[in-house]
Amino acid sequence: KNVTFDLHAGEILGIAGIAGNGQSELLSVLSGVTLPNTGSFKIEEYLFDSKKTPSPKLMRELGVSHVPEDRHSEGLVLQFQAFESVILGYENDKKLGNGLFTKPDNIQAYCSQLQESFDVRPQNPLLYSSQFSGGNQQKLVLSREISSTPKILLVGQPTRGVDIGAIEFIHKTLIGLRNSGCAILLVSVELEEILTLSDRILVMNSGEIMGIVPRITATKSILGKMMAGIPFE
């Protein structure tokens, strides 16, 4: 409701708030998964609203990658082998196939490269996605979305259910992507994560924005009040 903000190249805009206050719906609309009923959003010169609707395929073509909040229900097919999961949404990449026909050998080699670059363990493209730990499943999803060199990355709960080592790796990866010029919209219920990674912090409550605070002036006290529904002044 009444959500208005800008996202700039080379920044991480963190969205803080207690789960269930509209963050998930916002990511779903911006990634093209859910069609907007009212309002609009613009990516460069492309305007989307209830009449000119987005789609996940079109968002990817415009350079928008999406790491969903729930890797099991939206990010992976657990019954797929790793090399199949790392091309979900990118099946039409010419180096991986041609139309309806994929090139399994190429895809497996590509998956091996991603697993090595993103330290996915074990580095075996033939393992089923369900056989990896939570942290390594998350790195599989991140490797797929970041390897497309996105202009915009929508990322939800990037370190949910992962170990300390994987958290550090994921944080460094997001900062590196930001430093390369990518615009990152980060949703996390972990306040420490928001404070660590964000350049600006937007707080949502009951589907509305309570304010946007520069990281340099943000404190847990200020953000806590906003999360409770007290607008920032």
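This is a predicted model: local features need pLDDT of at least 70, side-chain atom pairs count only at pLDDT 80 or more; totals for chains, interfaces and linings use all residues.

Select helix H6 (134-146).

Zoom to S4 and S7. These two run parallel and are joined by 4 bridges. Pick histidine 66: its bridge partner in S7 is leucine 154. Strands of a sheet pair through backbone hydrogen bonds, either parallel or antiparallel.

**Salt bridges**

Show the charged side chains next. How many salt bridges does the structure hold? The count is 10.

Start with lysine 57 and glutamate 61, whose side chains meet at 2.6 Å, N to O. Both sit in helix H2 (residues 56-61), 4 residues apart, about one turn of the helix. An α-helix has 3.6 residues a turn, so residues three or four places apart point the same way. Lysine 57 counts as partly exposed because its relative accessibility is 47%. Glutamate 61, at 53%, is exposed, because the cut-off for exposed is over 50%.

Move to lysine 220 and glutamate 192. Their closest N and O atoms are 2.9 Å apart in a salt bridge. This pair links distant parts of the chain, 28 residues apart: lysine 220 is in helix H9 (residues 220-227) and glutamate 192 in helix H8 (residues 191-197). Lysine 220 is partly exposed at 49% relative accessible area. Glutamate 192 is partly exposed too, at 46%.

Next, select glutamate 44 and lysine 151. They form a salt bridge with the closest N and O atoms 3.5 Å apart. The two are 107 residues apart: glutamate 44 is in the loop between S2 and S3, lysine 151 in the loop between H6 and strand S7 (152-156). Lysine 151 is partly exposed, at 47% relative accessibility.

Finish this stop with Asp119, Arg121 and Lys139, which are linked in a network of salt bridges.

Switch to backbone torsions. Most residues other than glycine have a negative phi, and most peptide bonds are trans.

Stay on glutamate 44. Its phi is positive, near 55°. The loop holding glutamate 44 runs between strand S2 (41-43) and strand S3 (46-48).

Which value does phi of serine 206 take? Again it is positive, near 55°. Serine 206 lies in the loop between strand S9 (200-205) and strand S10 (208-214). At 43% relative accessibility, serine 206 is partly exposed.

Now go to the peptide bond from arginine 121 to proline 122. It is cis, with omega near -10°. Proline 122 is in the loop between helix H5 (104-117) and helix H6.

**Last stop: H1**

Select residues 23-30, helix H1. Is H1 mostly covered or mostly open? It is mostly covered, with 6 of its 8 residues buried. The buried residues are Gln23, Leu26, Leu27, Ser28, Val29 and Leu30. Step just past the helix to glycine 32, where phi is positive at about 85°.

Technical notes
Residues are numbered from 1 along each chain as its sequence is written. Side-chain values use heavy atoms; hydrogens and water are left out. Buried means under 20% relative accessible area, exposed over 50%, partly exposed in between (1.4 Å probe, protein chains only). A salt bridge is a side-chain nitrogen of Lys or Arg within 4 Å of a carboxyl oxygen of Asp or Glu. Two strands pair if DSSP finds at least two bridges between them.
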